[in-house]
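Subject: Handing over a structure

Hi,

Please open it below and keep it in view while you read my notes.

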Amino acid sequence: MHLKSVGRLAAVASTALLLLGGVAASAQAAAPGPVLYSIDFSNPQERDDNDLPEPYGRVWLQAPWGQQTALWEHPDVGINTPTLPRYPDGGRPAEMRFVDHPVSEVCAFVGEDDTGINVDDELAAGCVPFHGPDSYTISGADGSVTVNLYDV
């Protein structure tokens, strides 16, 4: 009889530790609030008149259940896609956006326009886990996008 009680106690303790571990893991997601950030676009293969990328696509923060808040979006407008090595441009050091959900991932799907030269490049494709204010680099086949989160 005593052996059964010890076994049950071990099972309860094990379950409690698993639940506490899940709470600790979910506590790493940032709470809703303002986010201060900048984005750097890198395309080492860029070989046009200014060697700067013409990015298009989307960069966002994602909640554990999939909700997204866009940090940057731009459509592919062919030859008219603007040159943008960094966002925000115009000398501002960072942009602020309100995120109304916890953050678990930093994501980017960004192409780079090469209209009239060759096939468009892929700068970023995917998500990386969020762990607090830091620089997050998301790579693609031809380059990368770095999302700098200064305050989350």
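Predicted model: local features only at pLDDT ≥ 70, side-chain atom pairs only at ≥ 80, totals over all residues.

Here is what turned up, starting with the salt bridges and ending with one asparagine.

Residues are numbered from 1 along each chain as its sequence is written, and side-chain values use heavy atoms, with hydrogens and water left out.

**Salt bridges**

Searching the whole structure gives three salt bridges (a side-chain nitrogen of Lys or Arg within 4 Å of a carboxyl oxygen of Asp or Glu).

One of them joins the side chains of D40 and R86, at 3.8 Å from N to O. This pair ties together distant parts of the chain, 46 residues apart: D40 belongs to strand β1 (residues 33-42) and R86 to strand β4 (residues 86-87). Strands here are DSSP runs of E with at least two residues, numbered from the N terminus. D40 is partly exposed at 29% relative accessible area, and R86 is partly exposed at 26%. For these labels, buried means under 20% relative accessible area, exposed over 50%, and partly exposed in between, using a 1.4 Å probe and protein chains only.

E73 and R58 also meet through their side chains, with a distance of 3.1 Å from N to O. They too link distant parts of the chain, 15 residues apart, with E73 in strand β3 (residues 68-74) and R58 in strand β2 (residues 55-62). E73 counts as exposed because its relative accessibility is 52%, whereas R58 is partly exposed at 22%.

R92 and E95 form a salt bridge as well, and their closest N and O atoms are 2.2 Å apart. R92 is partly exposed, with 41% relative accessible area, but E95 is buried at 17%.

**Around N148**

Now go to strand β9 (residues 144-151), where you will find N148. Is N148 buried or exposed? It counts as buried, because its relative accessibility is 8%.

The N148 side chain makes a polar contact of 2.7 Å with the side chain of S135. A polar contact is a pair of N or O atoms within 3.5 Å; within protein, one must be able to donate a hydrogen and the other to accept it, and residues adjacent in sequence count only if both atoms are side-chain atoms.

Leaving out residues up to four places away in sequence, N148 touches L36, Y37, S38, D40, D134 and S135 (contact means heavy atoms within 4.5 Å). D40 is also the salt-bridge partner of R86.

Happy browsing!

How values were computed. Helix = DSSP H or I, 4+ residues; strand = E, 2+ residues; numbered from the N terminus.
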